[in-house]
Amino acid sequence: MSEKRLAENLFEPTPECPSIEELVSLSESPKSGGQATPIHRHIADCPRCQAELALLTSFQEAEATPEEQADVGWVVDRLPKVAEGQPARVAAEPEPTIWVRLRSWLGQFNLFRPLPVMAAIAALVVLTIGIRELTNTAPELRAPGQTGGLIMRGGQIGLLTPLTGIDSLPAVLEWEPVAGAVRYEVIVRYVDGAEAARFTANSSHTEWPGDVRALATPGRSLFIEVAAIDPAGNQLATSGRQLLKLGDN
Amino acid sequence: MPATTLMNSGLSDEALLERYRAHAGEAGSEVWINELFSRHQRKVALWCLRMTSDRETALDLSQEVLARAFEKLDTFRGDSKFSTWLYTIARFHCLNHLRSTASKPKSEGEDPLEQIEDVNFRAAFEAIEARIDRREIWKVIQGALNETELKVMMLHYGHGIPLGRITSLLELDNASGAKAFIVSAKRRLEPALSRWKARTERQQRNRSVSHGDDQDV
């Protein structure tokens, strides 16, 4: 047996060595009650487990050196998104169904409900849902960046400037004008919904303020929302949250 | 609100994942998961680069790691940080890659144990092989080596990571990198293991003499 092979045998894990998953999980968990458990004691003494933890640290805490920056950038630039999908506004919380609303309404009365009454209510619900399904169509969603004629369904404002599939921020953000609007509020949000910036435009287009330009870095996801405001300060229509992401081709 | 303050107000990795799961299947839900993965792709790319020392291979490996992680997302239970869980996948793929390429001819200087002829390391290992209690030997090794030497030995022989890669991973900035630590480890280990071997043999002799005395009685 070669010396190298002997060394490899010598440094194989012992039966006491935890699995990688266990080891990395244990490395994050505090010792129970401040007392070292047998497995914690093993890890502290075991050179094999210590080497594993060094490897984990080399992953968690690694910072590219100036010489590595270009290669890392080259790799990152070529990595595709893990999840593909048509960029669209993030769906809002679903509106409660008729049945949920009815149940909620009935819930306030602590009444004995005989079976025929319940059956009648169920029939009414089925009938109502049926009529609703026949008469109601889903609101038309507009893909960000789609251009074309004015679409004003359900108080929606269509954005005319593409916000995805672009490498740099367009000079101007433009949207469909809304009749009766005296100004427009443009709200920029982070992906968690927190407001990043807000500014006002007096017509249906505006230049991006400098701080928004600074926020819109390649690869970062932001949401843009435009709201039309009437002279009394009421909101007439909104674009909903539209995804803005640069360098996402 | 100032951009600098707001830039730190993002969701945690776990919260992004939670939102993605809550909105799974809905249009736009990929925003959460792409945001989560994009936070870690640089880390994965750098690690793969250090493991391979070649950006084309690092790109292939990074893609494999991220795709596999996305595929296995359901198995992430939140027992550890997302980045730690991602590490286990990166480790598996990168070490597999190193094993698969280990049979290829090594670059010069990658196997110092075979090259350092001034130390009779083999004798010590053969002694170990004959009556091995690895935990006892590990104690001898731990007593003889410093922390870095020990890590380099373990990563090279225990994990099969080439020395050049260990130099990058552990960010060793000495002139010869990990190779220097293997060389110094060998030099320290040889006398320590020889002493241990001699002591063990002496103890065995004493035991057999004592056993012989008992039989005489």
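Buried means under 20% relative accessible area, exposed over 50%, and partly exposed in between (1.4 Å probe, protein chains only).

## Basis

This is a predicted model, in which local features need pLDDT of at least 70 and side-chain atom pairs count only at pLDDT 80 or more, while totals for chains, interfaces and linings use all residues. Residues are numbered from 1 along each chain as its sequence is written, chains are lettered from A and ligands numbered from 1 in the order in which they are written, and side-chain values use heavy atoms, with hydrogens and water left out.

## Chain A

Of the 249 residues of chain A, 43% are buried. The chain has eight helices and seven strands, taken as DSSP runs (helices H or I, at least four residues; strands E, at least two) numbered from the N terminus.

## Salt bridges

A salt bridge is a side-chain nitrogen of Lys or Arg within 4 Å of a carboxyl oxygen of Asp or Glu. Over all chains the count is 14.

One of them joins A:Asp71 to B:Arg55, with the closest N and O atoms 3.6 Å apart. This pair crosses between chains, from helix α5 (residues 66–78) of chain A to helix α4 (residues 55–71) of chain B. A:Asp71 is partly exposed at 29% relative accessible area, and B:Arg55 is partly exposed at 32%.

Within chain A, A:Glu185 and A:Arg183 meet at 2.7 Å, N to O. A:Glu185 is buried at 13%, whereas A:Arg183 is partly exposed at 28%.
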